[in-house]
2 protein chains.
Amino acid sequence: MVQNKSIIFLKHPTEFPVVGEHFEVQTKELNVTLAPSDVLVKNLFISLDPYMRGRMRNTDKSYTAGFQLGHVLNGGGVSEVIESKNDAFPVGTIVTGFVGWEQFSHVPGAQGLRALPNARTSPIPLSAYIGVLGMPGMTASLKIIGQPKKGETIFISAAAGAVGQLVGQMAKQQGLRVIGSVGRDDKVDYLINELKFDAAFNYKKGNILENLKSLAPEGIDIYYENVGGETLEAALEVMNTHGRVIACGMISQYNTQTPYGIRNLTHVVGKRITIRGFIVSDFAAECGADFARDVGSWLVKGEIIYKEDITEGIENAPDAFIGMLNGRNFGKAVVKIADL
Amino acid sequence: MVQNKSIIFLKHPTEFPVVGEHFEVQTKELNVTLAPSDVLVKNLFISLDPYMRGRMRNTDKSYTAGFQLGHVLNGGGVSEVIESKNDAFPVGTIVTGFVGWEQFSHVPGAQGLRALPNARTSPIPLSAYIGVLGMPGMTASLKIIGQPKKGETIFISAAAGAVGQLVGQMAKQQGLRVIGSVGRDDKVDYLINELKFDAAFNYKKGNILENLKSLAPEGIDIYYENVGGETLEAALEVMNTHGRVIACGMISQYNTQTPYGIRNLTHVVGKRITIRGFIVSDFAAECGADFARDVGSWLVKGEIIYKEDITEGIENAPDAFIGMLNGRNFGKAVVKIADL
């Protein structure tokens, strides 16, 4: 019999999740009977994303449905169809869509799966479909809500992460001055030397506000917000009149019961700042086609770089997830479960 | 000789300004020689507005120029031209514009003054031109940035104030459910019984969040923000997906050196909230004509009510200003300096 190793959600964490307490690896026999339209997929890669932490909260108010206790975690993945009762997804099809954190997923009606017909022959690695060409890439939708103008300055936090690194490169393409913050010196080097950011700093060294002030003496016009807390406060402090905060995430606030209080929101009035939260699905219909064409082509031509942090083995997914919440990943966090 | 009583700015306050320390009454002889295009006006009413507190700060970063130490304070007023070397403003003209907190103002080139040709015969009281028909009324520009939809719920803080009372009535006209917060029970009664708000509460009684939860069991869609601090935090907590915060002011934070830290901005991401700061001059060109026509006609027809809190005598302006910062005024704060 084939075994199916999976990650089961055990308990709602209130701070950082702990392996064994909030989720754990379980192995069960794979025993699936497909109904008409169903497929069975072998998962190749799964995506680890900060928003998943929100799905672990014990609330019905998160923007995505919460994970169910006792069930397998799920998220974006790239998979191969290995059994099929669905003509649109014959055996051998490479797909992307929502799958479990497990080796094999039974997908009733192949729901939410999208075939990737050229994936086997494309020079693009399969993991890109859950990264630069997937939800995180699409999220870097700077053009949509930041209204960047050439010559403006953008500040990006978590700038070497799944979203930040792409935002920075897109901003450079559009003629912006780009400043990034990260939590490690090698990430600072990456931003400056590989991604050609204009400036970058390690937020763990020195004072965030002082760093920003010295790197953005003319102030910032756009803040691409991935971390929240003290970094947001500093960004508001140096923001120019009519500045915009693109609120993509606030990862520093996800794993604490004593959130940081932002004390300078009066700047929102005085400087006429707009802070806008969004999730990628708000824009998918409007911008999906442009995005896939542009970013796919830049990637193939080498006009953008996209760094991934790949963990091998489904059993290591919980630890890799916690690492991502701590900023231990360098690049988009992905788990490789199997070879094609 | 004619005496000119005026209010002089003495010192930048860091918390609530104090009469005698930060500003004081001074009387000097009126001794003016008009150059070509100049006018001398007798001030009838001056406007007291929360934004003026920002002009008292010791910074060059406020959105309006700071008050100058040793000089007379200034702001919106309604005045009568009593000497003129400007053909556009003959003696007897009623004008509105920026004037000093003083009995008589010399306005070089009549700069910034606007004649009110019908003011003497109109049923509209002169003070309205610095209130419901002036900057505060224009600021209540709900239509512009809140994108209200019929059936939505709006929450307005400082709802009996210069801006709030008008926002509430405009929101009712547009079919919204309207909830207001104020700091006194008689203001609660006014909102409910006179302005026909759907609900209102005294933020000094009980917990703000609990009050809001019980009055807005379906959540709020728009928050018209005048106060900041704990009220903003509560509003974010009960806000619905795609909610909007119209950030007009944050008066609770203007007179303190220990600002309130907002701990739940992660809702901006999770609920895709937009928070937008603005000042009225951003929209004056676009919306001024519509505004003057609509609000003026509603006022004459009695379709809107506008309560003013009129203090008599220029010498009482400093105390009235401090009272407004404390919420002691009931309606738009105005100082009457002289009869026409």
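Modeller: Let us begin with the interface, where 28 residues of chain B are in contact with 28 residues of chain A, contact being heavy atoms within 4.5 Å. This is a predicted model, in which local features need pLDDT of at least 70 and side-chain atom pairs count only at pLDDT 80 or more, whereas totals for chains, interfaces and linings use all residues. Residues are numbered from 1 along each chain as its sequence is written, chains are lettered from A and ligands numbered from 1 in the order in which they are written, and side-chain values use heavy atoms, with hydrogens and water left out.

Biologist: How is the area buried between chain B and chain A expressed, and which residues of chain B lose the most?

Modeller: The size of an interface is often given as the accessible area lost when the parts come together. Here about 2,300 Å² is buried between chain B and chain A, with carbon and sulfur atoms giving 66% of that area; the value is the accessible area (1.4 Å probe) that the two parts lose on being put together, summed over both. On the side of chain B, Leu265(B), Val269(B) and Arg272(B) lose the most area to chain A, and together they account for 24% of what that side buries.

Biologist: Which elements of chain B supply residues to the side that touches chain A?

Modeller: At least two residues each come from β12 (239-247), α8 (266-270) and β13 (274-277) of chain B, where helices (H or I, at least four residues) and strands (E, at least two) are DSSP runs numbered from the N terminus. The residues on that side divide into 16 nonpolar, eight polar and four charged; Ala, Val, Leu, Ile, Met, Phe, Trp, Tyr, Cys and Pro count as nonpolar, Asp, Glu, Lys and Arg as charged, and the others, Gly among them, as polar.

Biologist: How many bridges join strand β13 of chain A to β13(B)?

Modeller: Three bridges join them, and the two strands run antiparallel, pairing being called if DSSP finds at least two bridges between two strands. In β13(B), Arg276(B) is the bridge partner of Thr274(A).

Biologist: Is Asn43(B) buried or exposed?

Modeller: Asn43(B), which lies in strand β3 (residues 39-47) of chain B, is buried, because its relative accessible area is 0% (buried means under 20%, exposed over 50%, partly exposed in between, with a 1.4 Å probe and protein chains only). Its side chain makes polar contacts with the side chains of Ser79(B) at 2.7 Å and Ser105(B) at 2.9 Å. Such a contact is a pair of N or O atoms within 3.5 Å; within protein, one must be able to donate a hydrogen and the other to accept it, and residues adjacent in sequence count only if both atoms are side-chain atoms.

Biologist: What salt bridge does Lys205(B) form?

Modeller: Side chains of opposite charge can pair when their charged atoms come close. Lys205(B) forms a salt bridge with Asp185(B), the closest N and O atoms being 2.4 Å apart, the rule being a side-chain nitrogen of Lys or Arg within 4 Å of a carboxyl oxygen of Asp or Glu. The pair links distant parts of the chain, 20 residues apart, with Lys205(B) in the loop between β10 (199-202) and α6 (208-215) and Asp185(B) in helix α5 (residues 185-194) of chain B. Lys205(B) counts as partly exposed at 47% relative accessibility, and Asp185(B) is partly exposed at 36%.
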